Amino acid sequence: MNRFSTSLLGEAKTLLLATDGSRFSEGALQEAIFFGQACAARLIVLHVVKVDVESLKSANAKVTRKQQEIAPYLEDVRKMARDSGVECETVVVGSSVPEHAIVEQARKRKVDVIIMGRHGRAGRLYLLVGSMTAKVIGLGFPMVLMLPKDFTMTGTHVLVAVDDSPNSRLAVEEALSLGMCCVTLERLTFVAVARRESGLPEARKMVEDVCTRGREKWPHLHFEAVAGVGHPSNIIVQAAEERAVDMIMIGGMVSGPLPKMFSGRVTKEVCGWAHCAVLVVTA
């Protein structure tokens with residue numbers, strides 16, 4: 001099967017890759033171009049220059065210098081996209097709050113998915129020091145795809161984290177819709193986690209019900225229901241690694257009372273620890 005026929009982003013038509021121009025972004029750039037081919041989507045490559053808002057003149061000068069500095073890199077990006085048949089636009093903007101600029105540009109340009117690279121697996125300090133990806137996810141954009149450095153997707157196996165929150169239910173629906181648009185997809189694994197043994201039957205029923213729906217809709221796909229007890233992030237990440245999945249789909253962070261099983265902390269941890277791509281879905 002041609003790798004370019006995979007379409008784990010569904011029917012996305014406009015993608016935005018937020019890049020810092022470093023070697024850590026190269027894998028994300030390659031995958032963004034592959035997704036552009038698979039989805040016949042337009043690709044916007046965005047670089048945000050962090051500036052000081054106190055001086056507009058110096059901020060504009062810094063953005064101009066950075067544009068000149070990374071011009072060869074952006075030309076290489078445009079050439080890579082052209083050679084792959086993907087429409088590509090490169091954008092450089094300045095902002096004192098880069099994560100806000102990324103989301104603002106995505107909304108302004110009617111982007112379906114924001115794509116971001118990850119430098120490496122995070123340790124336990126991840127939640128304390130934060131990351132640009134975590135900050136963007138926290139702003140609630142509908143779809144944010146995190147891609148680890150040097151990770152290549154085959155499009156055959158997706159794992160979905162399931163709980164009773166609206167964002168998780170949306171992630172489930174997005175995953176089930178992949179049977180229609182992703183011809184390389186072979187397996188869907190649904191994972192629910194109970195904090196205590198007493199909650200295990202509810203977790204197991206949740207994923208088994210989803211799998212039953214999936215088998216009725218897409219009999220050609222293999223569905224697996226997994227229920228566990230413990231820390232949700234650890235179980236989700238371990239299940240994904242043991243099965244060598246291409247992508248984890250998980251609900252994004254929500255305001256108000258925390259969902260019963262997952263929280264913003266879990267979403268951030270999964271993004272920081274997973275060996276594979278993570279697609280965060282927010283209603």
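In which sense, right-handed or left-handed, does helix 1 pass helix 2? In this predicted model, the crossing of helix 1 over helix 2 is right-handed. The contact draws on Leu29, Gln30 and Ile33 from helix 1. Helix 2 supplies Tyr73, Val77, Met80 and Ala81. Six of the contact residues are nonpolar and one is polar. No charged residue takes part. Helix 1 spans residues 26–39, and helix 2 spans residues 56–83. Their axes lie 10 Å apart and form an angle of about 35°.

The protein as a whole contains nine helices and 10 strands. Its chain has 283 residues, of which 53% are buried. Contacts were also examined by sequence separation. Among those with a separation of 6 or more, 82% link residues 24 or more positions apart.

Strand 2 covers residues 42–50. Seven of its nine residues are buried, and the strand is thus described as mostly covered. Strand 2 pairs with strand 1, which comprises residues 14–18. The two run parallel and share five bridges. Within this pairing, Leu15 has Leu43 of strand 2 as its bridge partner. Strand 2 also joins strand 3, formed by residues 88–95. This pairing is parallel too, with eight bridges. Here Lys50 is set opposite Ser95 of strand 3.

Confidence was then considered along the chain. The mean pLDDT of the protein is 86. A value of 70 or more is reached by 87% of the residues. Of the protein's elements, strand 8 (residues 222–229) has the highest mean pLDDT, at 98. Helix 4 (residues 126–129) has the lowest, at 38.

Two stretches call for caution. Residues 1–6 have pLDDT below 50. Beyond near neighbours in sequence, the model gives this stretch 17 contacts. Over residues 123–130, pLDDT likewise stays under 50. The model shows 13 contacts for residues 123–130 beyond four places in sequence.

Conventions
Residues numbered from 1 in each chain as written. Predicted model: local features only at pLDDT ≥ 70, side-chain atom pairs only at ≥ 80, totals over all residues. Heavy atoms only, no water. Axes fitted to C-alpha atoms, helices over the stretch in contact; angles between N-to-C directions. Helix = DSSP H or I, 4+ residues; strand = E, 2+ residues; numbered from the N terminus. Left-handed = near helix turned anticlockwise from the far one by under 90°. Contact = heavy atoms within 4.5 Å. Nonpolar A, V, L, I, M, F, W, Y, C, P; charged D, E, K, R; others polar. pLDDT = per-residue confidence, 0-100. Buried < 20%, exposed > 50% of the residue type's maximum accessible area, 1.4 Å probe, protein only. Pairing = 2+ DSSP bridges.
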